[in-house]
Amino acid sequence: MGYEDFIDAVARRSGVPVDQATAITRATLETLADRISGGEARDLAKQLPEGLDAHLRKPREHAEPFGVEDFAQRVGARAGVDVVLAKAAIPAVLTTLREAVPGDEFEGMAAQLPSEFRGVVGLVGTDAGGRRVRR
């Protein structure tokens, strides 16, 4: 999937204009990079088209522990949209990401997310005991 196809898919799924879909996609990928390990972020970045890959690059290796609400607030702040729109658009970005990268790469990323993320496009996460759980 190319850059324009990715952004067009996000715009179509979220019902926002392309320029806003671009900002939300960038912000979602940057926030995702904060939430997962550096190695996992790099693995995902390798699968994305040029122009999107850079948003998954991060200087530190450790994931920041924060939940879905904080994720949406960070996306909204980075994209310059309110948190309601961010919450509505994040699933469009993650669904498109799921289509753009091999299943094992997506599942590897999703496994690093807590169970509260499972509701967002059926992500896999971990329960309190560290076991992988699926919606």
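Is Glu99 buried, partly exposed or exposed? Select Glu99: with a relative accessible area of 46%, Glu99 is partly exposed (buried means under 20% relative accessible area, exposed over 50%, partly exposed in between, with a 1.4 Å probe and protein chains only).

Some notes before moving on. This is a predicted model, in which local features need pLDDT of at least 70 and side-chain atom pairs count only at pLDDT 80 or more, while totals for chains, interfaces and linings use all residues. Residues are numbered from 1 along each chain as its sequence is written, and side-chain values use heavy atoms, with hydrogens and water left out.

Next, select Arg13. Arg13 forms a salt bridge with Glu99, and their closest N and O atoms are 2.4 Å apart (a salt bridge is a side-chain nitrogen of Lys or Arg within 4 Å of a carboxyl oxygen of Asp or Glu). Arg13 belongs to helix H1 (residues 3-14) and Glu99 to helix H5 (residues 83-100), so the pair ties together parts that are 86 residues apart in sequence. Helices are DSSP runs of H or I with at least four residues, numbered from the N terminus. Arg13 is partly exposed, at 33%.

Now go to helix H2 (residues 18-35) and select Arg26 and Glu30, which are four residues apart, about one turn of the helix. Their side chains meet in a salt bridge of 3.4 Å, N to O.

The whole structure has nine salt bridges.

Methods
Helix = DSSP H or I, 4+ residues; strand = E, 2+ residues; numbered from the N terminus.
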